[in-house]
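Here is a colleague's note for someone opening this entry for the first time. Please keep the sequence and the model at hand while reading the points.

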Amino acid sequence: MNWKKLGRVFNPSQYKSHEKLKSHASNPTIVKLNNDLVRVFYSGRDIENRSSVGAFDFNMKTLKVQNNYYKPFFSPKNEKSFFRDGVSVGTALNFKGNKYLYFMGWQNPKTEHWRGDIGRLKILEKGIIILDPDHAIVSKNEVDRVSVSYPWIIKSKEGLLKMWYGSTISWNAGNDEMLHVINYATSKDGLNWNYKGQVIPSKIGFAQAFSRPTIYESNNLDLHMWFSYRSGSGKSYRIGYAFQKYGNSQWELLIDKSGIETSSSGWDSKMIAYPCIYKYNKELYMFYNGNQFGKTGIGIAVTNDID
């Protein structure tokens with residue numbers, strides 16, 4: 001498949017910034033508002049690199065920002081919370097009549113390595129966002145023994161929730177790069193999860209630091225996944241691809257089939273990361289970040305190679 005880049009659509013440095021959204025627009029996450037309008041939630045940072053949830057409204061027909069929100073929708077709280085050092089959005093989900101945002105909460109202790117947990121936010125009327133529940137829903141467990149990251153969740157036709165998320169195995173796999181893989185879990189209520197373990201193949205020195213999976217389920221129920229990854233060779237994030245044929249429980253890792261690469265120059269010439277897939281009319285769109293983990297903003301690409 002091939003993605004056609006349509007350019008950068010949001011540059012945070014062009015807008016007057018709140019103190020909690022001084023830089024970055026990482027992890028674009030899409031919530032549909034009406035036929036043509038979506039709200040793009042993202043993770044912006046303050047001067048201490050703590051991330052909060054910002055947003056702008058985007059018109060898919062004109063491919064223009066329709067409204068940017070100056071203030072954050074949700075921010076880190078007290079020193080004891082599991083998201084005290086940052087809130088990074090992962091996926092949006094409509095479930096049982098409610099709208100949710102699942103996120104990664106950051107902790108960065110002074111004497112220990114940083115780590116993440118997964119939490120859930122609820123979107124109320126008028127766009128108000130609250131923590132629901134008030135504790136992490138995925139933390140260290142018998143499968144995820146170190147740290148977890150950005151979740152992507154879809155609902156099956158039977159109502160079962162399926163989640164793919166990052167899980168740290170080691171902070172250093174022997175080549176000064178972390179081994180952070182994509183695991184899988186299921187749930188009936190969105191809070192309690194049955195952990196299945198690693199599902200996307202990884203390989204030291206080739207693809208070992210995965211991040212932010214995003215999934216499209218095609219009309220024939222095949223699953224297509226894009227994700228960020230690092231090889232361990234010193235290169236920054238690239239976007240990779242994996243595929244699961246309907247009826248087959250195994251995923252194929254097809255790194256070179258993602259259909260999108262860094263540009264020869266400009267805002268996404270050194271890094272592409274944190275993809276988010278959204279279907280509009282009959283085409284698939286990918287919102288993604290460029291250089292410096294989203295500091296240069298959000299771009300968009302389109303493909304019609306998938307049904």
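The numbered points below go from the whole chain to single strands and residues.

1. Basis of the note. This is a predicted model, in which local features need pLDDT of at least 70 and side-chain atom pairs count only at pLDDT 80 or more, while totals for chains, interfaces and linings use all residues. Residues are numbered from 1 along each chain as its sequence is written, and side-chain values use heavy atoms, with hydrogens and water left out.

2. Overall form. The chain holds one helix and 20 strands, where helices (H or I, at least four residues) and strands (E, at least two) are DSSP runs numbered from the N terminus. Its radius of gyration is 18 Å, which agrees with the value near 19 Å that a compact globule of 307 residues would have; the radius is taken over C-alpha atoms, and the globule rule is 2.2 Å times the number of residues to the power 0.38. Along the principal axes, the C-alpha atoms fill a box of roughly 45 × 45 × 40 Å.

3. Among contacts with a separation of 6 or more, 49% come from residues 24 or more positions apart, contact meaning heavy atoms within 4.5 Å.

4. The largest nonpolar core. This core has 35 residues, and Phe-58, Met-60, Trp-164, Met-225, Phe-287 and Ile-298 touch the most other members; a nonpolar core is a set of buried Ala, Val, Leu, Ile, Met, Phe, Trp, Tyr and Cys residues joined through side-chain atoms within 4.5 Å. Strand β15 (residues 223–230) supplies the largest share, four residues. In soluble globular proteins, nonpolar side chains tend to be buried together.

5. An open sheet. Four strands form an open sheet in the order β6-β7-β8-β9, with antiparallel pairing, and two strands pair if DSSP finds at least two bridges between them. Because β6 (87–95) and β9 (129–131) stand at the edges with a single partner strand each, one side of each is left without a neighbour in the sheet. The twist averages 30° from one strand to the next, with axes fitted as lines to C-alpha atoms (for helices over the stretch in contact) and angles running from 0 to 180 degrees between N-to-C directions.

6. Strand β8 within that sheet. Strand β7 (residues 98–107) pairs with β8 in the antiparallel sense over nine bridges, and Gln-107 has Arg-115 in β8 as its bridge partner. Three bridges join β8 (residues 115–123) to β9, again antiparallel, with Lys-122 opposite Ile-130 in β9. The hairpin of β8 and β9 has five residues between the strands, and Lys-126 in the turn has a positive phi of about 65°. Eight of the nine residues of β8 are buried, so this strand is largely enclosed by the rest of the structure.

7. Strand β20. Strand β1 (residues 4–10) pairs with β20 in the antiparallel sense over five bridges, Lys-5 having Ala-301 as its bridge partner. The pairing of β19 with β20 is also antiparallel, over six bridges, and places Tyr-288 opposite Gly-299.

8. Asn-289. This residue lies in strand β19 (residues 283–289) and counts as buried because its relative accessibility is 0%. The side chain of Asn-289 reaches the backbone oxygen of Gly-297 at 3.0 Å. Leaving aside neighbours within four places in sequence, Asn-289 is in contact with residues including Asn-27, Trp-267, Tyr-274 and Ile-298.

9. His-224. This residue is placed in strand β15 and, at 8% relative accessibility, counts as buried. The side chain of His-224 makes a polar contact with that of Tyr-241 (2.7 Å); a polar contact is a pair of N or O atoms within 3.5 Å, where within protein one must be able to donate a hydrogen and the other to accept it, and residues adjacent in sequence count only if both atoms are side-chain atoms. Not counting residues up to four places away in sequence, His-224 touches, among others, Thr-214, Phe-243 and Ile-306.

Key: Buried < 20%, exposed > 50% of the residue type's maximum accessible area, 1.4 Å probe, protein only.
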